[in-house]
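Hi,

Here is the structure I promised to pass on. Have a look at it first, and then read my notes below.

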Amino acid sequence: MTNNTKRIGITTRIVNAQGYEEKRDALSQDWVKFLEIENIIPILIPNNLSNIPVFLEEINLDGIILSGGDNIGDDKDRDNTEKQIIEFGISKKMPIFGVCRGMQVLNKFFKGKITNDKNDQHVGKSHQIFISDKKVSDFLTQNKMIVNSFHQNIISVENVGESLIAFAIDKKDNTVEGFTHKELPITGVMWHPERDQNTILLKKFLINKMLE
């Protein structure tokens with residue numbers, strides 16, 4: 001690690017440990033590899049803290065990632081934790097990056113809606129997205145790309161939350177695959193960048209966008 005190292009807090013999913021009567025916080029190891037490549041220290045945020053704002057204040061973060069996994073409403077502890085994390089991040093004007101469920105949590109926070117895709121068009125099927133924001137397409141030097149897809153919940157264009165601006169669209173069903181906040185350093189994507197470790201251009205965009 002160097003003096004340029006950043007500290008990013010990342011949320012964890014809640015899993016039931018097989019053979020044990022207990023809940024555990026978990027995170028895909030893909031995330032650790034993905035972040036360390038970019039000289040970032042990942043700091044995992046548990047879901048059962050008694051005082052989330054104090055914890056976040058003490059660990060001195062440069063940014064926050066809301067990770068994927070689980071549906072909103074599956075576990076109230078995670079729902080409550082991530083709500084408080086977003087509130088803390090906004091109060092500090094801290095970069096927040098939501099992935100899959102994380103993007104859905106952000107959309108709900110800003111009074112948007114999430115619906116269920118009955119056709120499973122986005123479950124385990126890579127597909128093309130179109131970059132509708134010129135600033136983003138210029139940065140990526142392309143206006144369309146193929147992304148992975150592991151979500152059954154979708155966000156339609158008309159259901160995007162307040163002050164959120166879509167920058168990536170799946171034109172097949174007119175669903176939003178990426179958005180940013182109009183004023184705050186908040187970004188969300190529906191695909192999983194951590195699962196495509198060799199997508200250097202995409203990684204550069206995501207990390208630089210968070211920490212610029």
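In what order do the 9 strands of the open sheet lie? Going across, the order is β4-β1-β5-β6-β13-β12-β11-β8-β9, and the pairing is mixed. Before you go further, keep in mind that this is a predicted model.

The edges of that sheet belong to β4 (40–45) and β9 (144–147). Each of these two has a single partner strand, so one side of each is left without a neighbour in the sheet. On average, neighbouring strands are turned by 25° against each other, if you ignore direction. At the β4 end, strand β1 (residues 6–11) runs parallel to β4, and 6 bridges join the two.

One is α3, which touches β1, β4, β5 (63–66), β6 and β13 (186–189). The direction of α3 makes about 150° with that of β5. The other is α4, which packs against β5, β6, β11, β12 (175–181) and β13. For α4, the angle with the direction of β6 is about 120°.

Next, how those helices meet. The axes of α3 (residues 76–91) and α4 (residues 101–109) come within 11 Å and cross at roughly 70°. That makes α3 roughly perpendicular to α4. The crossing is right-handed. On the α3 side the contact is made by R78, D79, E82, K83, I86, E87 and I90, and on the α4 side by R101, V105, L106 and F109. Sorted by class, that contact has 5 nonpolar and 6 charged residues, with no polar ones.

Helix α3 also packs with α2 (residues 52–59), at an angle of about 50° and with the axes 9 Å apart. These two helices are therefore oblique to each other. The crossing of α2 and α3 is right-handed. Here α2 brings in I52, P53, L56 and E57, while α3 contributes N80, T81, Q84, I85 and F88.

Most residues other than glycine have a negative phi. Which value does phi of K93 take? It is near 55°, a positive value in a residue other than glycine. K93 is found in the loop between α3 and β6 (96–99), and at 65% relative accessibility K93 counts as exposed. S163 is another one: its phi is positive, about 70°, although S163 is not a glycine. You will find S163 in the loop between β10 (153–154) and β11 (164–170). Is S163 exposed or only partly exposed? With a relative accessible area of 34%, S163 is partly exposed, as the cut-off for exposed is over 50%.

Finally, some totals for the whole chain. The secondary structure comes to 6 helices and 13 strands. Of the 212 residues in the chain, 46% are buried. Among contacts between residues at least 6 apart in sequence, 66% join residues at least 24 apart.

Cheers

Methods
Residues numbered from 1 in each chain as written. Predicted model: local features only at pLDDT ≥ 70, side-chain atom pairs only at ≥ 80, totals over all residues. Heavy atoms only, no water. Axes fitted to C-alpha atoms, helices over the stretch in contact; angles between N-to-C directions. Helix = DSSP H or I, 4+ residues; strand = E, 2+ residues; numbered from the N terminus. Parallel < 35°, antiparallel > 145°, perpendicular 65-115°, else oblique. Left-handed = near helix turned anticlockwise from the far one by under 90°. Contact = heavy atoms within 4.5 Å. Nonpolar A, V, L, I, M, F, W, Y, C, P; charged D, E, K, R; others polar. Buried < 20%, exposed > 50% of the residue type's maximum accessible area, 1.4 Å probe, protein only. Pairing = 2+ DSSP bridges.
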